[in-house]
Amino acid sequence: MMTCSFEDPHCEVGLIVGTGSNACYMEEMRNVELVEGEEGWMCVNMEWGAFGDNGCLDDFCTEFDVAMDELSLNPGKQKYEKMISGMYLEWLKTKGIFKTKFLSQIESDCLALLQVRAILQQLGLESTCDNSIIVKEVCTAVARWAAQLCGTGMAAMVDKIQENHGLDALKVTVGVDGTLYKLHPHFAKVMHKTVKDLAPKCDVSFLQSGDGSGKGAALITYITCEHWFS
């Protein structure tokens, strides 16, 4: 968010979707209940990967989400993160059968079934034509489900920002980083459409960040030094 806000003053939201996922946004102090004071703004780290740990997402979890969670290193934790990030395929990876990178490769528009069969052969799996079609359809379904869930969370966030600001409409930019968002051929497009459909009163733009952590930390350090030592 900090990196992209340097380029776009409308950037008030940050999102990372890679192996894991998290989000943050700028909030007016008067709306931050856990901190005293009503003047100025605060960056709120949502830790949204932990959304659902209280069971509120259970009705949306598939049998595969449950199996993946049980096989993970932290069962019952970071449920939303596991449903939308690269860890969504953890239940396959733990068995040593599938790697997340193959999801993007198989979903590529230019990848013919012959190439999908080659990937299956590389994995030591039966590579019939029918199996290749099924694998491609499953990869599409998994990625679309994850992107739509991610977009749903982002739509809820920008709706809340609009409500807190008391605006009839909101124009905001989201700074985004993460390999899943950047490298998957369809994830970003599906997520963008979901946000537009669920938050029609919000004009949301997405700005891809480069080395967000490094540049963002440098900007925060500079601002802090200017504040305390100028």
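Tutor: Quick ground rules: residues are numbered from 1 along each chain as its sequence is written, and side-chain values use heavy atoms, with hydrogens and water left out. Since the model is predicted, local features need pLDDT of at least 70 and side-chain atom pairs count only at pLDDT 80 or more, while totals for chains, interfaces and linings use all residues.

Student: Why is Glu 28 called buried?

Tutor: Buried means under 20% relative accessible area, exposed over 50%, partly exposed in between (1.4 Å probe, protein chains only). Glu 28 comes in at 18%, so Glu 28 counts as buried.

Student: And what makes Arg 30 partly exposed?

Tutor: Its 44% relative accessibility, so Arg 30 gets that label.

Student: How do you know that Arg 30 and Glu 28 form a salt bridge?

Tutor: The rule wants a side-chain nitrogen of Lys or Arg within 4 Å of a carboxyl oxygen of Asp or Glu. Here the N to O distance is 3.2 Å, and the pair is a salt bridge.

Student: What makes Lys 193 and Asp 197 a salt bridge?

Tutor: Their closest N and O atoms are 2.8 Å apart. Both residues lie in helix α9, 4 residues apart, about one turn of the helix. Helices here are DSSP runs (H or I, at least four residues), numbered from the N terminus.

Student: How do you know that the buried residues of α9 line one face?

Tutor: The buried residues include Phe 187, Val 190 and Met 191. Seen down the axis of α9, the buried residues fall within an arc of 165° (taken from directions from the helix axis to the C-beta atoms), so they line one face.

Note on methods:
Helix = DSSP H or I, 4+ residues; strand = E, 2+ residues; numbered from the N terminus.
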